[in-house]
Amino acid sequence: MAAQPVPHPSTDKKRVKVYELRNNDWFDRGTGFCTAAFNISEDGQQRDPRVIVESEDQPDRVILDTRICKEDGFHKQQDTLIVWTDPGNGVDMALSFQEAEGCAMIWKFINGIQQQYHSVTAPDDGLSDDLAMDAPNPISLPPATMANLAEIESQMRGYSGTANGRDALTKYVLNEDFIGKLIPLVSDAEDLESLNDLHRLCNIMKIIILLNDTSIIEHAVSDECVIGVVGALEYDPDFPSHKANHRQWLEGEGRYKEVVRIEDSQILKKIHQTYRLQYLKDVVLARILDDNTFSVLNSLIFFNQVDIVQHLQSNAAFLAELFNIFKSPQPDPRRKKEAVLFIQQCCAIAKNLQPPARQTLYNNFLAHGLLQVINFGLRHGDVAVRVGATDILVSMIDHDPQMIRSMVYRQLHEKQLPLTESLIDLLLVEVDLGVKSQISDALKVLLDQGPPVQPEAFAKANGEYAARAATRIPPNADPQQDNFLSSFYEHSAIKLFHPLITLQGRASMEFSVQQASMFTYLIEILCFFIRQHQHRSKFFVLNNDIVLRISQLLNCPEKFLKLVAIRFLRQLIGLQDEFYVKHVIEKKVIGPILDVLAKTMPRDNLLSSACLEFFEFIRKENIKELVKHIVENYRDKIQGLAYLDLFRTFLIRYDQTGGFSANMDYFIEVEDEPRKRANIINPKTGALMEHLAMDQAEEEYWNTSDDEDDLQTRPGNRVLSMNGESPSAKPLVDYASDEEGDENVEAGAISADEERQGDGLRKADESPRDAAPPPERLSEKRRREEDEEDDLSKMVQHKRRNSSSASSNASSVSGVLRKKKTISGARDAGGGPKKIAISLSPNLKSGNGQGHSRFDGEA
């Protein structure tokens, strides 16, 4: 293959952006410098034509390195775009050049290489068969006349059925300006009222556009062709009795309005072209577009919008003149309105741009006074202007809410009227429900201070230790946001919720559609404030009696307002905040909910379901204060609903506890009781331990050494430490009396609560693995016990004087003996196999106070 001269040396670098099509959206891969040249391999023989883009920020990084081959199908669009499909992965790629000259130079090289592929023919060349139809103008169509329309349509359908035929047809249409030859036939057919010819012209135009060639589409929407093209497409044979009005729409006066004159003719051309492409895609060809044509149209629109926005935001004089419209001493209402709508269109286009380009546009707008424009638009009498200003604000909030908050902070610092005031004024008077919804969302985003800190819920979930740790965490609040919220609750909140506050004393609860929708959005905002601004919202709700005002809406005839009120009250109790629970009880707002439920039942609808879920939540979450309040104050109403298990359970549980339910877990099953015991934390070890009521004397005894230290520290004995007790250990019981039952020497812990049968005496409970000692062992114990009786009796009496009984249950053994609870934590606390077993003589029945005990050390 002979090499043609390279159009420019490889050192010529042109600034370019690289785009990649992902999910029908162009993704910016970066900005760099493009070169096109032959790549010589190591052996110096193989030469591959390649297009390489090196990163602008990192020159050593290559953004794009693609080989030019026949299958790529490079195409030049407009003056600064080159698009192609990568044959390796089938991804659509694009190069957007900063200058048209650079694009022309790179395209000259690429086009020269492609011409070599198409012009070279050889017997052994595998491409020769495919190139057979790639010769210039390999096809020929009949002349464009009324008589030949049927033949032209037939041949075009045949050529468009194959890839090579489509390429040949594309070249013929472009080279022969076939579209320009067909356009006069539209007027001729209309003059002759030849409907069949008009239908054929429509089909021919569809075939030409669906060739998916960017040059053809750009030519079709040009000033000289667009009216004729859409005129032919008005006569769709699929709807023979109907005719569209595309020409009337595109020719309509006043469609294009120039708020500030744009001097650049290329930008003006792209603006008109983009509008026509959008109309062609969304209206004219909406039914017949295939994926390829849709992608081509979207690509053309996207790159046009990028060029338009970049030109506008880089033109400082244009932006200054645009925003000076709102600062002019001689206001022009019509021009201001058009300026707002123009900025709205710019923000709508910016949604399709990459985030950096969108951020640059918004920053330029804000620097020139965009907030003043938004304030003007929100207070304008024309609903179109208000919608435009709201769209601008929502677009910027969706992109970066902190950017708008910073502008509001600056307004407050400069003692200007903040943007939130304009939003509140518009929310209260706006009749358009869509605008109300957008303003409501904007207020919530601007006043959002992040996820709230909930120490009560944190403590409930993690215990006392975690709650103490949470209180030591410093608040992560922005001081500017804090000042903004303080100012809002001092001045703006009263204005925002004024319609709710003024419900006091109102007898009639009938509202217009606008008022009812306003209450819906206000209560939705208030629920958001209660979740996010805990302390400020509590004061506001209490100070303005908001709960009682919203409960008045339960008397409205509109069911959706009743649902809104129930949702608010459900939000309050759902927080399980003691403040709101007491406030709901104090205002007695649950009674109206019971009235609504009584009127609605037994019908099953959304209103009754909301009421039932409200009370089911109270039962499920065991909010005892509310249950007691409900039964004590509304017992008659509850009895009227007692055919429901939910309310029957309220009555039964309340009657069983006698009303003393504030500190009783009557919704907790008996099996859960052991888990409800209060535990405390050992300050030295951090382990949980059972809380014991101990006096000062006992603390001193256990914390100081005594005469028995040598006995307790012998290898055969081990003393249990309260601080070393495991969390699962049962309570340690003090020695209450000398006259207690015998303990098993072999037991792993001191046990209690097991009754001994036989001679009428009761024996302390043992662990499940311990068996009752036989009589022989008891007699041996008594014989060995005689030797140590005096010393051990003194020790037991000494301990008895310094200890107090805690959590021991009396067990009658001839009126004297008592049960003792099991201690199973000796091994866990000590970590060793040595234990202490205490045996008390079983022959003490008379209760004379003189007992015998001994300590046996076991390995």
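How many aromatic pairs does the count come to? The count for this predicted model comes to 22 aromatic pairs. The report describes some of these rings, then a lysine, several backbone features and the confidence of the prediction.

## Aromatic rings

A pair of aromatic rings is described by two quantities, the distance of the centres and the angle of the planes. Two pairs are set out below.

| Pair | Arrangement | Centre to centre | Angle between planes |
|---|---|---|---|
| Phe 74 and Trp 84 | stacked | 4.9 Å | 20° |
| Phe 511 and Phe 519 | edge-to-face | 4.8 Å | 70° |

The pair of Phe 74 and Trp 84 counts as stacked because its planes are 20° apart, and the cut-off for stacking is under 30 degrees. Phe 74 lies in the loop between β4 (62-67) and β5 (75-77), while Trp 84 belongs to strand β6 (residues 81-85); the two residues are 10 residues apart, and the pair links distant parts of the chain. Phe 74 is buried because its relative accessible area is 3%, and buried means under 20%. Trp 84 is likewise buried, with a relative accessible area of 3%.

For Phe 511 and Phe 519, the angle of 70° makes the pair edge-to-face, because the cut-off for that class is over 60 degrees. Both Phe 511 and Phe 519 are buried. Elsewhere, one aromatic cluster is formed by Phe 488, Tyr 489, Phe 497, Phe 528, Phe 529 and Phe 540.

## A buried lysine

Lys 436 is placed in helix α18, which covers residues 433-446. Is Lys 436 buried or exposed? Lys 436 is buried, yet it has no salt bridge. The nearest side chain of opposite charge belongs to Glu 430, at 7.4 Å. The side chain of Lys 436 does, however, reach the backbone oxygen of Glu 430, at 3.1 Å. When neighbours within four places in sequence are left aside, Lys 436 is in contact with Leu 427, Glu 430, Gln 514, Ser 517, Met 518 and Tyr 521.

## Backbone features in loops

Which residues other than glycine have a positive phi? Glu 193 has a phi near 55°, and Asn 622 has a phi of about 60°. Glu 193 is located in the loop between α4 (178-192) and α5 (195-209). Asn 622 is located in the loop between α28 and α29 (624-633).

The bond from Met 601 to Pro 602 is cis, with omega near 5°. Pro 602 is found in the loop between α27 (590-600) and α28 (606-620).

## Confidence of the prediction

The mean pLDDT of the protein is 74, and 68% of its residues reach 70 or more. Which elements have the lowest and the highest mean pLDDT? Strand β11 (residues 853-858) has the lowest, at 40, and helix α25 (residues 559-574) has the highest, at 93. Over residues 708-733 the pLDDT is below 50, and this stretch has 58 contacts in the model beyond near neighbours in sequence. The pLDDT is also below 50 over residues 735-779, a stretch with 121 contacts in the model beyond near neighbours in sequence.

Note on methods. Residues are numbered from 1 along each chain as its sequence is written. This is a predicted model: local features need pLDDT of at least 70, side-chain atom pairs count only at pLDDT 80 or more; totals for chains, interfaces and linings use all residues. Side-chain values use heavy atoms; hydrogens and water are left out. Helices (H or I, at least four residues) and strands (E, at least two) are DSSP runs, numbered from the N terminus. Buried means under 20% relative accessible area, exposed over 50%, partly exposed in between (1.4 Å probe, protein chains only). Lys and Arg count as positive and Asp and Glu as negative; His and the chain ends are not counted. A salt bridge is a side-chain nitrogen of Lys or Arg within 4 Å of a carboxyl oxygen of Asp or Glu. A polar contact is a pair of N or O atoms within 3.5 Å; within protein, one must be able to donate a hydrogen and the other to accept it, and residues adjacent in sequence count only if both atoms are side-chain atoms. Contact means heavy atoms within 4.5 Å. pLDDT is the predictor's confidence in each residue, from 0 to 100. Rings of Phe, Tyr and Trp (its six-membered ring) pair if their centres lie within 6.5 Å; planes under 30 degrees apart count as stacked, over 60 as edge-to-face and the rest as tilted.
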